[in-house]
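Hello,

Here is the structure I promised to pass on to you. Please have a look at it first, and then read my notes below.

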Amino acid sequence: MTKVKTSFFCQNCGNQYPKWQGQCTACKSWNTIVEELVQKPDKKDWKVNGTSKQRTSKPLTIKDIDASQEARLKTSDSEFNRVLGGGIVPGSLVLLGGEPGIGKSTLLLQIALKLPFRTLYVSGEESQKQIKMRALRIFPENDNCFVLAETKTQNIFKQIESIAPEIVIIDSIQTLHSDHIESSAGSISQIKESTSELIKFAKETNIPVLLIGHITKDGHIAGPKILEHMVDTVLQFEGDRNHVFRILRAHKNRFGSTNEIGIYEMMGSGLREVSNPSEILISKKDSNLSGNAIAVTLEGIRPLLIEVQALVSSAVYGTPQRSATGFNAKRLNMLLAVLEKRAGFKLGMKDVFLNITGGINVDDPAIDLAVMAAILSSNEDEALQERICFAGEIGLSGEIRPVQRIDQRISEAEKLGFTTIYVSKFNKISLKNPKINIRMISKIEDLLQELF
Ligand code: TYD
Ligand code: MG
């Protein structure tokens, strides 16, 4: 009989203790330490296609290391490739996290279905039939995508050896279970063990593994933080489930920048890549309405034109209401306070509602100027001119502050047919003879004067 060894793990940070204690000394959280069974796994040599791909490593000088880039696996999804920095790196582990129902399984199944070589999609969450039904909606004709409903890592590796796929997708890491450890699937030690087996497998066979990870209610990937340290790339799939747009973001990427984002639209037939998001985010309408303004924001390093809508109405009850969707409510209050102080608006008597269209959450401070313009426009009940847009941050004294990557923003606005853009006077613009009219302002009083 094998000797059973137990240890105590913090469910929050994954720290290990020899005996139980009330508080985790590492992350200071209370009552998170539970006992789990541990057992050291045996050594394993991977055999794919009958040949052992065990790589031995010996120290080399930097000069001698072969730096030629291994060819990345390009998927047919250009947004996904871009977020990864140009495709999937062979032998890498990519973790994709996101809210339930956001479309993680759909995204990875779609990628697997459209790849021209053998792929293995392992699901611990859905049956083969369910996956087939989903596949029928997305991309029915495919002879290379194998589907396996399995949760035991040892069985998964056995199947991989016989199928020899070029890429493995696991949905999800929290459902995996390794025989080497006896605690239940989803526990800290299981996640840790399954991930390290997968890492070992990926590094030794050079087959990339894409993992789906659940997230906890506060938005972190479920399991120990160490999971994010172990993998090469952490992607986050986000968006509002009630809206059709989804944003794919890299939080960590050992092989590329974390600035790139990918934008998708959820359709009846899977996720569609959105290569020009600005055109969809700006609503098409016949007549100009008051309270609307267009902001030129950046998502990662991608310029994105977003419509801001504001509604200012007289407060019926004593305390005026403030509500913001897709924009920080505290920041809205700050902007209103600046408007009262610097431009003499009596917004203390008004309800103010703010909405960013498309269900997108904007953190970029450059949206301030458009928010201000939309509020002013609604307050005056006067529509802004057509084809104008804004990019500027507003400071506490009402000054318009410069924003980063202004040239890129201006070019994007110009490309989309805007005729005027309002920016800070303090921005250095190095664009050569832009066709768009650039209005440089320094205070919100200037904005008022220019617009109304
Ligand atoms: P899913 O990939 O199951 O989400 P996750 O794995 O992140 O939990 O996606 C679930 C949602 O996507 C579901 O509510 C239905 C919707 N959907 C579509 O709108 N179109 C489609 O073609 C597919 C496959 C799913
Ligand atoms: Mg899923």
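A backbone N or O atom of Lys104 sits 2.8 Å from an oxygen atom of ligand 1, a polar contact (a pair of N or O atoms within 3.5 Å). For Gly101, a backbone N or O atom is 2.7 Å from an oxygen atom of ligand 1, and a polar backbone atom of Gly103 is 3.0 Å from an oxygen atom of ligand 1. Around ligand 1 there are 15 residues, the closest being Gly101, Ser105, Thr106, Met267 and Gly270; a residue counts if one of its heavy atoms lies within 4 Å.

A word on the background: this is a predicted model, where local features need pLDDT of at least 70, side-chain atom pairs count only at pLDDT 80 or more, and totals for chains, interfaces and linings use all residues. Residues are numbered from 1 along each chain as its sequence is written, chains are lettered from A and ligands numbered from 1 in the order in which they are written, and side-chain values use heavy atoms, leaving out hydrogens and water.

Now to the helices (DSSP runs of H or I, at least four residues, numbered from the N terminus). Helix α2 (residues 104-114) packs against helix α3 (residues 128-138) at about 70 degrees, with axes 10 Å apart, so the two are roughly perpendicular (65 to 115 degrees). Ser105, Thr106, Leu109, Gln110 and Leu113 of α2 make the contact with Ile131, Arg134, Ala135 and Ile138 of α3 (heavy atoms within 4.5 Å).

Helices α4 (residues 153-163) and α5 (residues 188-205) cross at roughly 20 degrees, their axes coming within 11 Å. They are therefore roughly parallel (under 35 degrees).

Best wishes

Conventions. Axes are lines fitted to C-alpha atoms, for helices over the stretch in contact, and angles run from 0 to 180 degrees between N-to-C directions. Angles under 35 degrees count as roughly parallel, over 145 as roughly antiparallel, 65 to 115 as roughly perpendicular and the rest as oblique. A polar contact is a pair of N or O atoms within 3.5 Å; within protein, one must be able to donate a hydrogen and the other to accept it, and residues adjacent in sequence count only if both atoms are side-chain atoms.
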